[in-house]
Structure formats: C-alpha cells, structure tokens
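Reader: I'd like to talk through this one with you, a bit at a time. Shall we start once it is on screen?

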Amino acid sequence: MSHLTTNEAPLPANGAVAAPPDDIWGRLGFGVPGYAHPLIAPVEWAELARPGAPLHWVVLNVANGPGDRPDPHCLEAAGRLRNAGVRVLGHLDLSHGSRVFGDLICDAHHFLEWYQVDGFLLDRCPTERAELARVRRTTATLEAVLDGGHLVLGHGSHPYPGYAEAADQLVTFSGAWTDYRWSQVAEWTADYPPELFAHFVHGVPRTHLEEATRIARWQGAGTIFFTDRGGADDGKGQIGPFETLPGYWDEIVSQIGPGVSE
C-alpha cells in the first residue's frame with residue numbers, strides 16, 4: 001500500500017470518473033463520514049455535488065453497509081457525486097475486529113457491483129498490534145477487489161504505528177470538540193505526511209472553526225470533517241452528528257479554500 005502524495009493519486013477502480021486532481025491531496029480537505037439516506041438528507045447529498053468544496057472523498061452507507069439489494073436513491077446520489085468528480089467510498093464495519101472476513105468481503109463486492117465505489121472506509125477498525133495482521137489481510141484483499149482504489153481505516157484514535165502501512169489513510173480522531181481541543185498527537189505520526197491522517201470532530205462551535213482548523217494543521221491532519229451538530233443522536237432520533245450538513249458549511253468551505261470542482 002503506497003500513500004498518496006501531491007503527485008500520486010490512485011485511479012478509480014472502474015474508470016468511470018477521473019480521480020481528483022493531484023494537488024487536492026496537498027491541501028486540507030474534507031472527508032465526509034457518511035450522510036443519512038438520501039431520502040432523509042436530500043439537501044446534504046445535493047450540496048456535495050455542487051462545485052467548489054475541497055472534497056477528498058464521501059462515504060456511502062446504505063444500511064450499515066451496502067444493504068440487501070441496490071437502492072435506487074443511493075445509486076442516484078452516488079452517481080451524481082462520481083459524475084462531479086468526487087471519490088465515493090463504501091462503508092464497511094469491522095466491528096473492532098469481530099466481523100467475519102467472508103461477510104466483509106461479500107459486502108465489498110456488493111458495493112463495487114451496485115454502486116461502483118472507488119474505495120472503502122473500514123469503520124470501527126481495531127487499533128491494537130495483535131489485530132494488525134488480520135487488518136492487513138483485509139486491506140490486501142480489498143485492494144485486489146478494487147484493483148487499487150482508496151482505503152481508509154476508521155480507528156477514531158491513534159492506533160499501533162504499524163497500521164500506517166496498511167491503508168491510504170487513518171482516522172486518528174473521531175469525537176467531540178471538547179476532547180479535540182485538548183487532544184495530543186502521537187509522536188510517530190510526525191514520520192508521515194498529512195495526507196495519511198483524517199480527523200472527524202462534532203460539536204465544533206462556529207466561533208471556534210478557525211481554532212479547530214489550526215489544531216488539525218498543527219497535528220498533521222490532511223483530511224477533516226467538522227460539524228456543529230451534537231452527540232450521538234443530536235436530538236433527531238437516530239441521525240448521528242456526522243449525518244447532517246454542518247450549519248456553517250459554506251463558511252468552512254470558504255475557509256479551507258476551493259477544491260476539486262473549481
């Protein structure tokens with residue numbers, strides 16, 4: 001697994017859409033963890049296809065995975081993004097290492113067959129050294145399934161350093177702003193470029209957007225997603241904080257700068 005640099009970006013597996021321009025990986029940009037179903041969050045999905053946002057990738061999570069059959073609404077949403085030049089990743093849940101390998105690969109094949117995804121976010125990825133070999137087996141198999149593509153390990157915290165060689169990116173923080181603003185970066189991350197690391201932060205007040213961005217840059221993150229939404233369900237039933245559009249989306253897009261579709 002080779003890491004992205006400003007001069008190297010893997011082509012999508014199916015060749016239906018060009019990869020994001022090389023220089024997008026040299027700038028801070030967004031990785032969208034996965035909005036709610038397009039019927040529930042149509043504005044969010046439509047906004048992602050609008051030119052101008054520096055999007056590194058967007059995660060498609062149909063039903064904690066690809067679902068049992070192709071979903072026409074998700075097909076339309078994913079197709080719109082890919083036509084706009086946005087990389088779409090399928091959501092695979094590793095369940096902290098307890099997921100059956102065969103089931104995981106079956107889900108990956110469905111994502112690729114039904115939605116022509118360009119890679120995967122492996123959510124709830126283990127962080128321990130003892131699980132590294134199993135995760136490397138999984139990522140090597142997914143690389144073969146994709147014939148390349150983009151793989152993100154969704155640890156949510158700093159894993160054992162060996163994971164840095166197992167995928168294109170690692171999510172090394174996923175949590176609340178109250179924790180993020182006092183967080184410390186693992187020393188070993190200094191040996192790798194920002195393109196390797198992603199941070200997801202919820203509950204970021206509008207007045208602290210610039211501070212949050214400075215922390216991300218200081219800690220060496222190349223991909224971020226910040227939202228002002230609150231905790232687990234944000235008072236909106238089962239919709240989590242990362243599943244809706246931040247109230248300050250236009251502001252943070254302007255702050256980060258123009259992106260893929262400018």
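Reader: First thing, is Glu76 buried, partly exposed or exposed?

Author: Glu76 is partly exposed, at a relative accessible area of 47%, where buried means under 20% relative accessible area, exposed over 50% and partly exposed in between, with a 1.4 Å probe and protein chains only. Please keep in mind that this is a predicted model, in which local features need pLDDT of at least 70 and side-chain atom pairs count only at pLDDT 80 or more, while totals for chains, interfaces and linings use all residues. Residues are numbered from 1 along each chain as its sequence is written, and side-chain values use heavy atoms, with hydrogens and water left out.

Reader: Which residue does Glu76 form a salt bridge with?

Author: The partner is Arg80, with the closest N and O atoms 2.9 Å apart; a salt bridge here is a side-chain nitrogen of Lys or Arg within 4 Å of a carboxyl oxygen of Asp or Glu. Both residues belong to helix 2 (residues 72-83), where they sit 4 residues apart, about one turn of the helix; helices (H or I, at least four residues) and strands (E, at least two) are DSSP runs, numbered from the N terminus. Arg80 is partly exposed, with a relative accessible area of 35%.

Reader: And how many salt bridges does the structure hold?

Author: There are 10 salt bridges in the structure. One of them joins the side chains of Arg124 and Asp93 at 2.8 Å, N to O. Arg124 lies in the loop between strand 4 and helix 4 and Asp93 in strand 3, so this pair ties together parts that are 31 residues apart in sequence. Arg124 is partly exposed at 36% relative accessibility, whereas Asp93 is buried, with a relative accessible area of 6%.

Reader: What does Arg181 form a salt bridge with?

Author: With Glu211, the closest N and O atoms being 3.4 Å apart. That pair links distant parts of the chain, since Arg181 is in the loop between helix 5 (177-180) and strand 7 (197-202) and Glu211 is in helix 6 (residues 209-218), 30 residues apart.

Reader: Switching to helix 4, which residues are buried there?

Author: Leu132, Val135, Thr138, Thr139, Leu142, Val145 and Leu146 are buried in helix 4. They cover an arc of only 145 degrees around the axis, which puts them on the same side of helix 4; the arc is that of the directions from the helix axis to the C-beta atoms. On the other side of helix 4, Ala133 and Ala144 are exposed.

Reader: What covers the buried residues of helix 4?

Author: The cover includes strand 3 (88-93), helix 3 (101-115), strand 4 (119-123) and strand 5 (150-154). Just after helix 4, Asp147 takes a positive phi of about 60 degrees.

Reader: New topic: where is Gly65 found, and what is it in contact with?

Author: Gly65 is in the loop between strand 2 (55-60) and helix 2, and it is buried, with a relative accessible area of 1%. Leaving aside neighbours within four places in sequence, Gly65 is in contact (heavy atoms within 4.5 Å) with His91 and Phe111. Gly65 and Phe111 are 46 residues apart in sequence and 8.0 Å apart in space, C-alpha to C-alpha.

Reader: Last one, how many disulfides does a search of the whole structure find?

Author: The search finds 0 disulfides, a disulfide being a pair of cysteine sulfur atoms within 2.5 Å. As for the cysteines, Cys74 is buried at 1% relative accessibility and Cys125 is buried at 2%.
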